[in-house]
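Please open the structure in your viewer and keep the selection tool at hand.

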Amino acid sequence: MNEDISPNYKPFTPETIVDYIRQRPEMGDVFRPTEPLVAEEIGDGNLNLVFRIWAEADKERTVIVKQALPYLRLVGGDWPLPVDRARIEAEALKVEYKLVPQHTPRVYFYDPDMYLFAMQNLNRHIIMRKGLIEGIKYPRFAEHIGLFLARTLGGTSDLALDFKTKKLEVKRFINPDLCKITEDLIFTEPYRYTERNGFHKELEPQVLALQADEKLHVEVAKMKEKFMTQAQALVHGDLHTGSIMINQTETFVIDPEFAYYGPMGFDIGAVIGNLFLNYAAHEVRTPDPAKRADFRKYLTDTVIDLWHVFVREFQPFWDQADPINMPKGYQDDYMLRVLQDSAGLGACKMMRRVIGLAGVADIRGIQDVHERAIAGSLALHIGRSLLLEREQIHTIEDLVEIATACKPTYPWGKTTLS
Ligand code: SR1
Ligand code: MG
């Protein structure tokens, strides 16, 4: 990493952010110049400071300020990270807001000296991962995320942008250090020994088998190459269910600091993979078989529906395509490749969340280690199958069939390990 940080940069605290935000002219519509404001730091992610600020007299007048730290918060000062990622995130949000404002928070401003931006506070929504862990269904999610994916991926691809704009956009969103995190944490470290991996000892036999499976490594390498070389569209880059704020009527996608030009399947696969991580977690989180089957049907119906919405909402990009350059056969082949990429890339994202650094609460939050291993085992089987069998997938129903045929391995019996 080689970056000159602005000499004015300083990380804010809840005390100092209040004066700063009061002085920003862009906040004039939200706050009055001298009124008392309250702030708290609410960042529980892996990377940044996040402040919630509101008017003492009216909690509804509120903003979120997100500031990049020059290191990875999850690990500390030993892992430096470029603060320019705040610019990438703010610019990606602006692109997404133009394409799909109903599912993107509004950005008020970006400050290139402080590497922070202010955005709409989604205070009537919760992180989707938390809701899914509790077994809450979101009936409008498939429609919303299918539309978000189609508009943001189609709308930033060569199907929508002219030859020059597309290349300049690729340049504007070059994001090497955050892409390197993905290359290491998703495509490399889960498949070898490293101290950063975070699986429990109970899962070791299955992890060691994956780490010795050369056939699997070949397919992971193909996915990594795709991630590193295919500048197909502006992808969010980290579209797991922790990057989605939701309620029964609305869905917003947040946190695109990993945005760059990459394969569409990386985002679609992230959503699908995270729904299947939750599916795996309910193996033990919902012991009642009828309730479990019901919630899992919601999850698999969501996977199926979101893909169909994606295809439907992507169609306008094909309707304006040159029929000689891009005949129907090419269009069908393109969509099939996106589907198979979603399976393969989503599978890699599943396996990393079980084996590597930064696991997901769906699985790592299961207290009993034996139960956690069962859920993790199922997630690994689903990931492995989707990756190895992705070329046999021709419809989204094929994908769901492969995933739902998987079962966890129970070789270890009840244990006292903790
Ligand atoms: C080291 S950062 C760990 C993870 O957090 C983000 O959400 C990304 O998924 C990244 O891989
Ligand atoms: Mg994030």
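**Stop 1: a sheet of three strands**

Begin with strands β8, β10 and β11, which form an open, antiparallel sheet in the order β8-β10-β11. The strands at the edges are β8 (126-127) and β11 (251-253); each has a single partner strand, so one side of each is left without a neighbour in the sheet. Please note that the model on display is a predicted one.

Select residues 244-246 next to see β10, which is joined to β8 by two bridges in the antiparallel sense. Within this pairing, Ile127 has Met245 in β10 as its bridge partner.

**Stop 2: Thr251**

Select Thr251, a residue of strand β11. Is Thr251 buried or exposed? Its relative accessible area is 2%, and Thr251 is therefore buried, since the term applies to values under 20%. Which side chain makes a polar contact with the side chain of Thr251? The partner is His144, at 2.8 Å. Show the surroundings as well: with neighbours within four places in sequence left aside, the contacts of Thr251 are Gln102, His103, Phe141, His144, Ile244, Met245 and Ile246.

**Stop 3: a sheet of five strands**

Move to the open sheet in which five strands follow the order β1-β2-β3-β7-β6, with antiparallel pairing. From one strand to the next, the twist averages 20°. Helix α1 (residues 14-22) packs on this sheet and touches β1, β2 (48-55), β3, β6 and β7. The direction of α1 makes about 130° with that of β1.

How many of the five residues of β7 are buried? Four are, and the strand is mostly covered. The pairings of β7 may be followed in turn:

- Strand β3 (residues 58-68) runs antiparallel to β7, and five bridges join the two.
- Asp111 has Leu116 as its bridge partner in β7.

Then examine the turn of the hairpin formed by β6 and β7, which has four residues between the strands. Tyr115, in this turn, has a positive phi of about 55°.

**Stop 4: helix α8**

Select residues 214-229. Helix α8 contains 16 residues and reaches 22 Å from its first C-alpha to its last, close to the 22 Å expected at 1.5 Å a residue. Colour its buried residues: Leu216, Glu219, Val220, Met223 and Phe227.

On the face of α8 turned away from its buried side, find the exposed residues Glu214, Lys215, Glu225 and Thr229. Return to the buried side and display what covers it, including α6 (176-187), α7 (204-211), β12 (260-262), α9 (264-285), α11 (328-355) and α13 (369-388). Finally, select Asp213, which caps the N-terminal end of α8: one of its side-chain oxygens lies 3.3 Å from the backbone nitrogen of Lys215.

**Stop 5: His282 in helix α9**

Select His282, which lies in helix α9. With a relative accessibility of 1%, His282 counts as buried. The side chain of His282 makes a polar contact with that of Thr286, at 2.7 Å. Apart from neighbours within four places in sequence, His282 is in contact with Leu132, Ile133, Gly135, Arg292, Phe295 and Arg296.

**Stop 6: helix α14**

Conclude with residues 396-404, which make up helix α14; its buried residues are Ile396, Leu399, Val400, Ile402 and Ala403. Viewed down the axis of α14, these residues fall within an arc of 160°, so they line one face of the helix. Among the elements covering them are α9, α10 (289-319), α11 and α13.

Technical notes
Residues are numbered from 1 along each chain as its sequence is written. Chains are lettered from A and ligands numbered from 1 in the order in which they are written. This is a predicted model: local features need pLDDT of at least 70, side-chain atom pairs count only at pLDDT 80 or more; totals for chains, interfaces and linings use all residues. Side-chain values use heavy atoms; hydrogens and water are left out. Two strands pair if DSSP finds at least two bridges between them. Buried means under 20% relative accessible area, exposed over 50%, partly exposed in between (1.4 Å probe, protein chains only). The expected span of a helix is 1.5 Å times one less than its number of residues. Contact means heavy atoms within 4.5 Å. A polar contact is a pair of N or O atoms within 3.5 Å; within protein, one must be able to donate a hydrogen and the other to accept it, and residues adjacent in sequence count only if both atoms are side-chain atoms. The arc is that of the directions from the helix axis to the C-beta atoms. Axes are lines fitted to C-alpha atoms, for helices over the stretch in contact, and angles run from 0 to 180 degrees between N-to-C directions.
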